[in-house]
Structures are given as structure tokens and as C-alpha cells.
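Visitor: Hi! Could you walk me through this structure?
Guide: Happy to. Let's have a look together.

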Amino acid sequence: MGPLQSTHVVATDRRRVMGRVLLVVALVSALLLVLMFVIDLDGAQYALIFAAFPLLIAGPAAVVLLRKAGKPEVIEVYESGLAHEFGGVRRAWTWDQVKAVDVAERGTYSYTGSDIDCTIRFADGALLHFTGLTQDSRVIVAALGTHCAAAAREPIRKHVKGRAAAVLGPITLVGGGITAWAISTIPGTPDGGDQFGLAMLAVACVVPAVISLILLISVLVTGRR
């Protein structure tokens, strides 16, 4: 790999903070779901089913972020290539193994605190992703521009479609299914609290189901994150 030219430590503190925030959201959502079975508000408590949707998103995301936050991550730039170490696992590639680069310049800082987003695809199929939260990340981008000018400049995070389907798909199906069940059940229930509760349940589920469906279609069609 030749001499080491620079070392870039990935900031994990933001992952930890975001993970904790999402964990709190997941716990609050779970508590609201429990309350739905405990309290009696003449059917209005069924609206708390809405808490299932942030729970489905916040729970897994919190686990992933907190697991990553506990592992040190470093990217090293060598004269002949790149090396990536995460959680004690080290991988290295030479410059000629870089097959495609996807760099997004945000211009101004986004809500994530990052002004750059870069993904590299190597000849062995491995992907290396880093953002502006990586120390001196633009040095890595500059090195890629110098040594990998022939690499394709193309969107390469195509697996985002699979992740979107895995997250948004169940939300759409669960929300749509509960809404259909509640609407079909209303005509056969007595007037009063039961009908009101089922109506609240349908409203609480149809809104996130429609939103997640729109987002899912947008990601699958455009491929945008």
C-alpha cells in the first residue's frame, strides 16, 4: 500500500446521540401501545395504534446506530490505496480497485451535520461509505479525484431500494390492513363507542400508510435516498 498519507477518524458521537433519541422515541411509542390495552376512552384509545409506526422505524434504527457508535471507525489513505477499519475488522484496496464513486455535495450543512456524502464501489463488490462527519473527509475525496479519475461517477447505493422496501413496505401493509379491517368491521358493530373507536383506528392507520406508500413509490422509481 505504500506510505501512510493521512488518517481519518469517523465521528461516532453523533450516532450515539441520535441512537439514544430514537431509543426514547421507541420506548415512548411502546408505552403508548401498552396504554391502548389498559385505558378505556370509549374506543378513542384505539388511536394510540398510531404509535406502532414510529416504533417500527425508531426501534431498529436505534439498535443499528447504538451498535455502530460503540465501535471505532477509521479510514486511512495510503500512497497506493485506501484502508478501512471498523470494529477491529480491517479491509484495504488499491486505487485501481476503485470502480465507481458517488459523491454528493450538500453545499450547506444538513440535519445530520454533514456537508458531503460519498460511496465507493470496489472491484470485489465491497462498498465504503463516509460523510462529512469523517475527519477531513474532503481529503479522501480529493485523493479519489487524483488517483481514480477513470472510475465511473454513478449512483451506486442501489441497496437503498431494498432497505426502503424493508422499512416502508411493512408500514404500508400493516397500516392498510388495519384500516381495511376497521372500515369493514364498522357496519357490523353497535352504535356508540365501538364505531367511534374503529373510525379513530382507521384514521390513525390510513395517514401513515398513505405517506409510507408515497415515499416507497418515490424511492423505488427515482432511487433517491
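Visitor: What joins E2 to E3?
Guide: A hairpin of two residues links E2 to E3. Strands here are DSSP runs of E with at least two residues, helices are runs of H or I with at least four, and both are numbered from the N terminus. This is a predicted model, where local features need pLDDT of at least 70, side-chain atom pairs count only at pLDDT 80 or more, and totals for chains, interfaces and linings use all residues. Residues are numbered from 1 along each chain as its sequence is written, and side-chain values use heavy atoms, leaving out hydrogens and water.

Visitor: In which sense do E2 and E3 run, and over how many bridges?
Guide: They are antiparallel, with five bridges between E2 and E3 (residues 81-86). Strands count as paired if DSSP finds at least two bridges between them. Val77 sits opposite Leu82 in E3.

Visitor: And what about E1 with E2?
Guide: E1 (residues 4-9) pairs with E2 in the antiparallel sense, over five bridges. There, Thr7 faces Glu76 of E2.

Visitor: Is E2 mostly covered or uncovered?
Guide: Mostly covered: of the six residues in E2 (residues 73-78), five are buried. Buried means under 20% relative accessible area, exposed over 50%, and partly exposed in between, with a 1.4 Å probe and protein chains only.

Visitor: Switching topic, how many helices and strands are there in the protein chain?
Guide: The protein chain has five helices and eight strands. Their order along the sequence is β-α-α-β-β-β-β-β-β-α-β-α-α.

Visitor: How much of the protein chain is buried?
Guide: Of its 225 residues, 36% are buried.
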